[in-house]
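Please look over the sequence and the structure before reading on.

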Amino acid sequence: MVKPVLAIVGRPNVGKSTIFNRIVGERVSIVEDIPGVTRDRIYGSAEWLTHDFNIIDTGGIDIGDEPFLEQIRQQAEIAINEADVIIFLTNGREGVTAADEEVAKILYKAKKPVVLGVNKIDNPDMRDQIYDFYALGFGEPFPISGSHGLGLGDLLDEAAKHFPKHEENQYEDDVIKFSLIGRPNVGKSSLVNAILGEERVIVSNIAGTTRDAIDSLVSINGDKYVIIDTAGMRKKGKVYETTEKYSVLRALRAIERSDVVLVVLDAEEGIIEQDKHIAGYAHEAGRAVIIVVNKWDAVDKDEKTMKEYEEKIRSHFQFLDYAPIVFLSAKTKKRIHTLTPMINMASENHSMRVETSVLNDIIMDAVAMNPTPTDNGKRLKIYYTTQVSVKPPTFVVFVNDPELLHFSYKRFLENRIRDAFGFEGTPIKIFARERK
Ligand code: GDP
Ligand code: GDP
């Protein structure tokens with residue numbers, strides 16, 4: 001199911017990022033102490049009552065050196081393109097400003113629901129100040145206070161009323177969804193074409209939801225895949241090409257809908273920070289990952305080149321140590337045929353379930369080999385381990401005190417599980433729970 005997208009729009013300083021952080025909250029992640037994993041602060045997932053949704057802080061989208069009004073305009077347009085519901089945020093302490101009116105003008109043209117929030121209404125006495133905002137023409141203004149966390153419930157209730165009801169295209173269980181992500185010009189489109197060129201039978205092109213990438217349902221060597229193609233979308237307009245953060249946004253959503261993510265690198269250009277950023281998100285989202293080094297044809301090489309390149313990737317992407325690396329060329333088609341078997345492998349591992357008895361034998365052996373750590377004289381005791389879910393494989397270890405299962409010991413257990421079962425291409429998650 002595709003999550004609805006909410007975007008916050010408004011001129012600077014009205015409190016967009018404050019509200020965004022309030023709504024997204026602190027997401028605790030088991031991987032956060034792994035170097036190289038960074039978070040995108042403009043895009044997050046959130047929950048409100050029974051609703052799961054994604055939220056964009058358009059204020060965080062860097063438009064470059066454009067004049068002030070132009071920036072606001074572009075951010076609003078991104079919101080209109082990307083979101084199902086827009087929160088138009090204003091500042092109740094300053095009243096309606098000319099810049100608010102500019103934003104309103106752009107939003108009038110959108111055929112998307114707009115909910116008007118009046119921020120910085122920190123106490124009930126100030127509620128009278130919201131009436132001016134009716135003039136903006138978006139109906140009832142919702143008084144809120146980002147710093148105090150007031151009124152957000154009513155605002156989100158109103159927004160949730162407008163969430164689309166339709167479900168995502170449901171593909172059959174045997175269909176593997178994958179996407180190619182990477183910065184512009186690494187060769188994503190060329191790779192899609194090269195993959196499709198291989199003994200393809202296109203079953204259909206599916207117009208996904210209105211805002212999303214184009215899904216192609218294809219059959220390659222008898223296996224069915226959905227390619228979630230974001231590359232082509234980029235060419236849609238100026239904003240799409242000039243805004244780096246925006247292409248990241250698009251990639252993030254494709255990742256969320258994928259089983260397997262191909263992180264595409266450009267062999268000629270090497271690895272840059274943006275590559276790590278995107279790859280980090282695929283990892284955090286718990287998707288299977290394959291690292292694809294494209295344009296291998298364009299590299300001068302001897303017998304050591306591939307190994308050296310591989311070492312470089314491993315040191316930059318330590319958090320992706322489970323991801324296989326493939327060196328290929330969309331141009332010459334070299335090793336293109338190895339991709340789908342690798343996607344199959346990663347996908348199988350991503351949804352693999354292991355037997356509980358075997359799992360517990362492995363963990364017991366591990367503990368015998370490397371005794372559990374102590375903290376302040378208290379020793380970690382592991383009672384029982386079980387796999388609670390797939391995509392990605394997730395394990396719960398029942399222990400005497402979860403605080404005692406430190407990162408390094410968790411990592412050790414993960415490695416033992418990997419040695420025993422493989423899990424190549426997929427992250428695995430391990431959580432500790434206190435045995436009741
Ligand atoms: P943005 O530019 O729209 O993302 O605005 P920020 O979230 O960065 O907020 C701008 C300023 O307004 C910061 O100094 C915030 O602390 C402050 N602010 C945000 N929400 C509130 C609020 O509800 N009440 C008050 N008094 N100040 C707020
Ligand atoms: P995208 O922006 O990631 O979709 O990248 P494109 O597929 O549009 O490719 C960007 C440029 O790289 C184009 O000029 C392609 O011809 C070139 N390119 C793509 N794949 C390869 C490759 O395997 N080898 C070489 N030498 N060039 C490639």
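In sorting residues by class, Ala, Val, Leu, Ile, Met, Phe, Trp, Tyr, Cys and Pro count as nonpolar, Asp, Glu, Lys and Arg as charged, and the others, Gly among them, as polar. By this scheme, the shell around ligand 2 is made up of 5 nonpolar, 7 polar and 4 charged residues. The model discussed here is a predicted one.

**The protein as a whole**

The protein has 436 residues, of which 38% count as buried. Its secondary structure comprises 12 helices and 18 strands. Among contacts with a separation of 6 or more, 73% are between residues 24 or more positions apart.

**The two ligand shells**

Ligand 1 has 15 residues around it, and G15, K16, S17, T18 and G146 come nearest. The shell around ligand 2 holds 16 residues; here G187, K188, S189, S190 and K331 come nearest.

| Shell | Nonpolar | Polar | Charged | Helix giving the most |
|---|---|---|---|---|
| Ligand 1 | 2 residues | 10 residues | 3 residues | α1 (residues 16-24), 3 residues |

**A pair of helices**

Two packed helices are described by the angle between their axes and the distance between the axes. For helix α11 (residues 356-369) and helix α12 (residues 407-421), the axes come within 10 Å and cross at roughly 130°. Because of this angle, α11 is oblique to α12. The crossing of α11 past α12 is right-handed.

Which residues in α11 and α12 meet? From α11 come I362, I363 and A366, and these meet L413, R416, I417 and A420 in α12. By class, the residues of this contact of α11 with α12 are 6 nonpolar, no polar and 1 charged.

**The residue Y384**

Y384 lies in strand β16 (residues 382-389). Why does Y384 count as partly exposed? A residue is buried if 20 or more other C-beta atoms lie within 10 Å of its own, and exposed if 12 or fewer do. Y384 has 14 C-beta neighbours inside 10 Å, and therefore counts as partly exposed.

Apart from its neighbours within four places in sequence, Y384 is in contact with N360 and F398. Y384 and V14 are 370 residues apart in sequence, and their C-alpha atoms are 50 Å apart in space.

Terms used. Residues are numbered from 1 along each chain as its sequence is written. Chains are lettered from A and ligands numbered from 1 in the order in which they are written. This is a predicted model: local features need pLDDT of at least 70, side-chain atom pairs count only at pLDDT 80 or more; totals for chains, interfaces and linings use all residues. Axes are lines fitted to C-alpha atoms, for helices over the stretch in contact, and angles run from 0 to 180 degrees between N-to-C directions. Helices (H or I, at least four residues) and strands (E, at least two) are DSSP runs, numbered from the N terminus. Angles under 35 degrees count as roughly parallel, over 145 as roughly antiparallel, 65 to 115 as roughly perpendicular and the rest as oblique. A crossing is left-handed if the near helix is turned anticlockwise from the far one by less than a right angle, and right-handed if clockwise. Two residues are in contact if their C-beta atoms, placed from the backbone, lie within 7 Å. A residue is near a molecule or strand if its C-beta atom, placed from the backbone, lies within 6 Å of it.
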